[in-house]
There are 2 protein chains.
Amino acid sequence: MTEEPKGGGVSRRGFLTRVGATGGAGAMFATMGALGLAPSAEAATRVPFQPPRRSDFTLRGRGAARIAVLGAGVAGLAAAYELGKAGYDVTILEAQDRVGGRNRTLRGGDRLAEMGGDTQRIGFGKGVYMNAGPARIAQWMTTMDYCRELGVPLEVFTNSNADAYIYNQSAGMTAPVRWRTAKADVYGYISELLAKATDQGALDQRLTGTDKERLLSFLSGFGAIGGRASGFAYTGTDGRRGYTVDPGAAENAGTVLGPVPSLSDVLASGVGRSFSFEFGYSQAMLMFQPVGGMDAIPRALAKAVGAGRIRTGAQVTKITNLAGGVEIEYEREGRTRTLAADYCIATLPPHLLAKIPHNLGASVQSALGTPVPASTGKIGLEYKSRWWEDEERIYGGITNTDLDISTIWYPSHDYHAQRGLVVGYYNFGANSDAYARLTHAERLRRALDAGAKIHGDRYRQGIASSASIAWSRQQHIQGGWISWPSRGAEYRLLNQPQGNVYFSGDWLSYEIAWQHGSFESARKVVTELHQRVLKG
Amino acid sequence: MTEEPKGGGVSRRGFLTRVGATGGAGAMFATMGALGLAPSAEAATRVPFQPPRRSDFTLRGRGAARIAVLGAGVAGLAAAYELGKAGYDVTILEAQDRVGGRNRTLRGGDRLAEMGGDTQRIGFGKGVYMNAGPARIAQWMTTMDYCRELGVPLEVFTNSNADAYIYNQSAGMTAPVRWRTAKADVYGYISELLAKATDQGALDQRLTGTDKERLLSFLSGFGAIGGRASGFAYTGTDGRRGYTVDPGAAENAGTVLGPVPSLSDVLASGVGRSFSFEFGYSQAMLMFQPVGGMDAIPRALAKAVGAGRIRTGAQVTKITNLAGGVEIEYEREGRTRTLAADYCIATLPPHLLAKIPHNLGASVQSALGTPVPASTGKIGLEYKSRWWEDEERIYGGITNTDLDISTIWYPSHDYHAQRGLVVGYYNFGANSDAYARLTHAERLRRALDAGAKIHGDRYRQGIASSASIAWSRQQHIQGGWISWPSRGAEYRLLNQPQGNVYFSGDWLSYEIAWQHGSFESARKVVTELHQRVLKG
């Protein structure tokens, strides 16, 4: 249990937690009121961070150090940005010809090379883009704070939409069902079942008479079910299933979508499996995205860091920890060069760091080889019209399937524009590997075949351009993210400085594959490094 | 059951409905596949509408007629707009000095007068506004089509947010709970209960063995509950409750929000009552709003109609149906004037139409007096900082309470801007009446007292300006909307032309209080009137 930083002895939150544990919510609420904490909303949940300041040195009579940052992904850029606030002499070495790392937004005119594959020339029209890497931000994430600080404007990312579909082919579904319909049916039937069981006394050991009354009242509204006389039957006559003819003028009360599938059919369809996704702390709406593309974040960071401090096309070939600093050897423009610094922050993916010669010892080498790279990929389908809006009334959101495409994403911006880009797959593991092995043309064909099961033949028509990315085949990255078999000794080791070398990245956080993890890891390393420099 | 318009005899949907009714979803899916309808998404659910065209007259040798439209709200503007497409000679009479009716966006510099009350001078800063009337649009609504056609840009309206609060004071809650936490607890406990009952055989009459297996599997993920050995216990250890310290770098796995209230306390809190709101066909996310204010819609309509066709400040004083047309008497600039036309479309609220002398007969008069005006109001609180975002990580959404404010709305736009506007109440009925009776200063004080129960004292601090509207006290409107005691003979009567006078508005639709209702009603009347003119 992490306690609040302020206050010695028993922290306020610690005290409340213990009260709550014995007294239940009622006691918790009452105690909070008595303490003067409530009534009021809960405090922010951020991990506190104090950026290094120039005045830290002025007051202590020490100077800022030279820092070599390896990698201009989000962690590297964030570390350089924060250190720069205190006047550190930072140099970033980046192997690619661009900043951002996995935070990449594909636009018309870009070239996308693949290891052992063709280079795609992206043909998207003006204003059309695909966030090839990270594409969503939860409200609680530190990423939001950087957007505010850097002036990156945000808009809602449509992670959930009642009008998008669920389609489980393996369960025997031959047509998709809208999320709203699936929820109405599942919630309706589970309400019916629980109301029956409650009313029949099956849960009397767990429920008091008052509990039962309140539960039945809740279920009545939650499931839109009938009363006791009907056996609490779910009949799906409520408009929340959707309509085949929308309610309108005069005598048009609307025609509720029917027929309602049976309880057994609803359970067999497995549609309810999709629901808990949106309860997740990192996935629950509302979610956000930068206006115009996710790469607004690394662009803003790089601008703040200063172009002069970022050497792109610089591939690190050797990391040497010295008694009084570090020496980084790298290749650039066909020549081997050396960068000397006091400290190094290495933010490359661990499986790539493991390939670079260093003198940090065998346990570091073993630890770097421990995380397992995970495969992921996306295809962007630019259509000449936004038929999903015009014909199917899907303004953003995600269709969930058990097909190898996993999901279909509808765009969260430029509603009603002429063109738009649908993400035709965003998949993982074996599905992603399968697509990664294909040429782009083959991926396109396969994605369209799958998507046509949801949207019919129209899905194949009117495509203006397309592009696909297989992150396992991206040079200098080679994976979507990593997973730790367990967060054991290796994880702990790399979260400690090795001589003058620090490691940082989402892979050293509890929010892997999220920019939040990169930012938090960068902040941690910056804090530790700065403390060390100040102590001398 | 409304059948699809095309095809005689048994419609395809009618056939499918019957198959589905007897065979369950499986049969339905299979049949759809066999018919070649599936696989594909369902068709759009719009009521078809063919706007009048100039060529309709050319081909039939008839000329467009003169139409007097009473009221420049959404219904009146839409009717004029559609008739204008065919060259009808339309004149709109509007009593107010602005168009839009209840669609009104308040901005800095506006003046807001109240019947029998003070006039507020709105002091909102640049870019800050409040949609005083309609504020949200569902994806399926015809309003979306008009936004597309008129080029009104849209953005997501944040109708639901996991980070907003629920607060039921009357249930004994002394602190608010976030939607995400309330959902985790309610879904967790109902999953535990239903799993227990299912596993104990209490529902064996309703569930087969396979059903039970599938249901238990669903509940496990839906409620994040334990397995059979634990009694399927909900313990709330899943991060979906939220965190007191967010997951971050290195060893910070995050601290899950606790303690978990007991089942009885969760049921007693009544938080689950709020959930079904977002299942509604008209309220389910995703929802939308025009960028910059809802009045972009009437502004765009008025521009398309042409300013020369709209007479503002024109209060109708008499409606006379003639053998060959209509005569409308109205006051403007202190003088009584007359507008002669072939037809009239009256879109004023029925309770105001009932006060205007006419010769349409006693049953029309009685029908106009039947609908009951409903009270509603809002207060806008402009703050000097967006503390709900910065301190509480609430980026949009709605807090739901059982207080007299009913709800608190956080803004759906300009995230991270310097200032922002919170809607401090949007309430109905007796609560709305109570606020309507107060001066603005009194409303403000009362709304702040209520909101402070959610957000603490900070809610009273840093207010830059505020404005409140009581729709029952708005001249020429006098109500938020109306309700029909039943949609009986009076409703049917007014949905038929009375001589050369047509009635139109959301009050003559099944979507009262939504712009969709106004648009659909306008389309219906335009279609009928145009058919009549063409037939001569």
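Is Tyr491(A) buried or exposed? I looked this up in what is a predicted model. Tyr491(A) is buried, at a relative accessible area of 0%.

**Aromatic pairs.** I counted 63 aromatic pairs over all chains. I took Tyr187(A) and Phe222(A) as one case: their ring centres are 4.7 Å apart and their planes stand at 25 degrees, under the 30-degree limit, so I logged the pair as stacked. Tyr187(A) belongs to helix α5 and Phe222(A) to helix α6, so the pair ties together parts 35 residues apart in sequence. Tyr187(A) is buried at 1% relative accessibility, and Phe222(A) is buried with a relative accessible area of 1%.

I then went to Tyr491(A) and Tyr510(A), whose ring centres are 6.1 Å apart with planes at 80 degrees, so this pair is edge-to-face. Tyr491(A) sits in helix α14 and Tyr510(A) in the loop between β26 and α15. Tyr510(A) is partly exposed, at 27% relative accessibility.

I also noted a cluster linked by ring pairs, with members including Trp179(A), Phe275(A), Trp179(B) and Phe275(B).

**Two copies.** I laid chain A on chain B with a turn of 180 degrees and a shift of 0.0 Å along the axis, at an RMSD of 0.0 Å. The copies are thus related as by a two-fold rotation axis. In chain A, the C-alpha nearest the axis belongs to Leu194(A), at 2.7 Å. I found that 100% of chain A's interface residues are interface residues in chain B too, so the copies meet through the same surface.

**Helix pair.** I checked α12(A) against α13(A): the axes come within 9 Å and cross at roughly 135 degrees. That makes the two helices oblique to each other. Their contact has 4 nonpolar, no polar and 2 charged residues.

Methods:
Residues are numbered from 1 along each chain as its sequence is written. Chains are lettered from A and ligands numbered from 1 in the order in which they are written. This is a predicted model: local features need pLDDT of at least 70, side-chain atom pairs count only at pLDDT 80 or more; totals for chains, interfaces and linings use all residues. Side-chain values use heavy atoms; hydrogens and water are left out. Axes are lines fitted to C-alpha atoms, for helices over the stretch in contact, and angles run from 0 to 180 degrees between N-to-C directions. Helices (H or I, at least four residues) and strands (E, at least two) are DSSP runs, numbered from the N terminus. Angles under 35 degrees count as roughly parallel, over 145 as roughly antiparallel, 65 to 115 as roughly perpendicular and the rest as oblique. Ala, Val, Leu, Ile, Met, Phe, Trp, Tyr, Cys and Pro count as nonpolar, Asp, Glu, Lys and Arg as charged, and the others, Gly among them, as polar. Copies are superposed by least squares on the C-alpha atoms of residues with pLDDT of at least 70 in both. Contact means heavy atoms within 4.5 Å. Rings of Phe, Tyr and Trp (its six-membered ring) pair if their centres lie within 6.5 Å; planes under 30 degrees apart count as stacked, over 60 as edge-to-face and the rest as tilted. Buried means under 20% relative accessible area, exposed over 50%, partly exposed in between (1.4 Å probe, protein chains only).
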